[in-house]
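Here is a short briefing to read with the model open beside you.

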Amino acid sequence: MILTRRVSSSFPQFVGFAKRSFKSCKLPGDPSSSPSLTHGIHVFHCPDDVGIVAKLSECIASRGGNILGADVFVPEKKNVFYSRSEFVFDPVKWPRKQIDEDFLKLSKMFSATRSVVRVPDLDAKFKIAVLASKQDHCLVDLLHSWQEGRLPFEITCVISNHDRGPNTHVMRFLERNNIPYHYLHTTEENKREEEILELVLNTDFLVLARYMQILSGPFLRTYGKDVINIHHGLLPSFKGGNPSKQAFDAGVKLIGATSHFVTEELDSGPIIEQMWSLMVNPRCVIFDRLKEFPTETICRASCRSQRTLRGNALQRL
């Protein structure tokens, strides 16, 4: 694996390792692709120093693990180091408890602000709630991706300010999968945020699937966890409502969607994932092609954006 530690002094230092397929990976000395290999993710945030990448690699390799890919980010003129590593390992040779202990030693060595490891196959699934409004396509795509196993979390409920009929596709799907649906009628004076907070009390993060309400600062502070929004445009351009029309009117040549963390300022939170496409004929494809992106952006974002699995600068996938 080739690593270039620094890129250019004129840009934030971001390094990406070459990605390798989990299925094609073999541990050193293993003549066959063992079905016992387990996938792990480690996120590290500490003051920048010499030798951090070497120690992270040594920690994994010394236990027989193999790094599939890693991101390293060092903001320009800031003494801060961020990394996110994906690796495979044999849980028999490297027990889950030992993994935490080994990375804890590194955390102390480099005075880390955050050092978190997650093993999806062994750890409990994250619990999320989905907030949606009248438009179904984003919610439907998300639900079907979850059903196909592309979204590794538990959906505790769907909350909406739109009342869906009992025989609609969405309601039938939710009933089949025992996912509660909560209709909360909102007005300009009452966004029903206190009731929403009660419903999402035990979730790890929230996903806004075309939820056409602005969450207030007090709501975000009280919830205190990540909220992910899906925006039908390439932020930071075309914020707010009707981003596709804004893009069309501006004559842009690229279209796409953005998943980002929700902050008090509309559509201004850190970007997690973006997908885009070259627009050959804007009059024909802009509105249709935009529908293809939200599912994939939220699939990628949801798998990587939990507060325990990100540093503030690792918003790029």
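Predicted model: local features only at pLDDT ≥ 70, side-chain atom pairs only at ≥ 80, totals over all residues.

Helix 2 runs over residues 96–109, and at 1.5 Å a residue its 14 residues should span 20 Å; the C-alpha atoms at its ends lie 21 Å apart, which agrees.

**Helix 2 and its surroundings**

- The buried residues of helix 2 are R96, I99, D102, F103, L106 and S107.
- Looking down the axis of helix 2, you will find these buried residues within an arc of 145°, so they line one face of the helix.
- An α-helix has 3.6 residues a turn, so residues three or four places apart point the same way.
- The buried residues of helix 2 pack against strand 2 (38–47), helix 1 (52–61), strand 4 (80–89) and strand 5 (114–118).
- K97, K105 and K108, on the other side of helix 2, are exposed.
- Just after helix 2 comes S111, with a positive phi of about 50°.

**Salt bridges**

- There are 9 salt bridges in the structure.
- One of them joins E86 to R84, with the closest N and O atoms 2.7 Å apart; R84 counts as buried because its relative accessibility is 6%.
- D123 pairs with R118, where the closest N and O atoms are 3.9 Å apart, and both residues are buried.
- E264 and R221 also form a salt bridge, their closest N and O atoms being 2.5 Å apart.
- E264 sits in the loop between strand 11 (254–261) and strand 12 (271–278) and R221 in helix 6 (residues 217–223), so this pair ties together parts 43 residues apart in sequence.
- Both E264 and R221 are exposed.
- Through shared partners, salt bridges link R96, D100, R118 and D123 into one network.

Technical notes: Residues numbered from 1 in each chain as written. Heavy atoms only, no water. Helix = DSSP H or I, 4+ residues; strand = E, 2+ residues; numbered from the N terminus. Expected span 1.5 Å × (residues − 1). Buried < 20%, exposed > 50% of the residue type's maximum accessible area, 1.4 Å probe, protein only. Arc of directions from axis to C-beta. Contact = heavy atoms within 4.5 Å. Salt bridge = Lys/Arg side-chain N within 4 Å of Asp/Glu carboxyl O.
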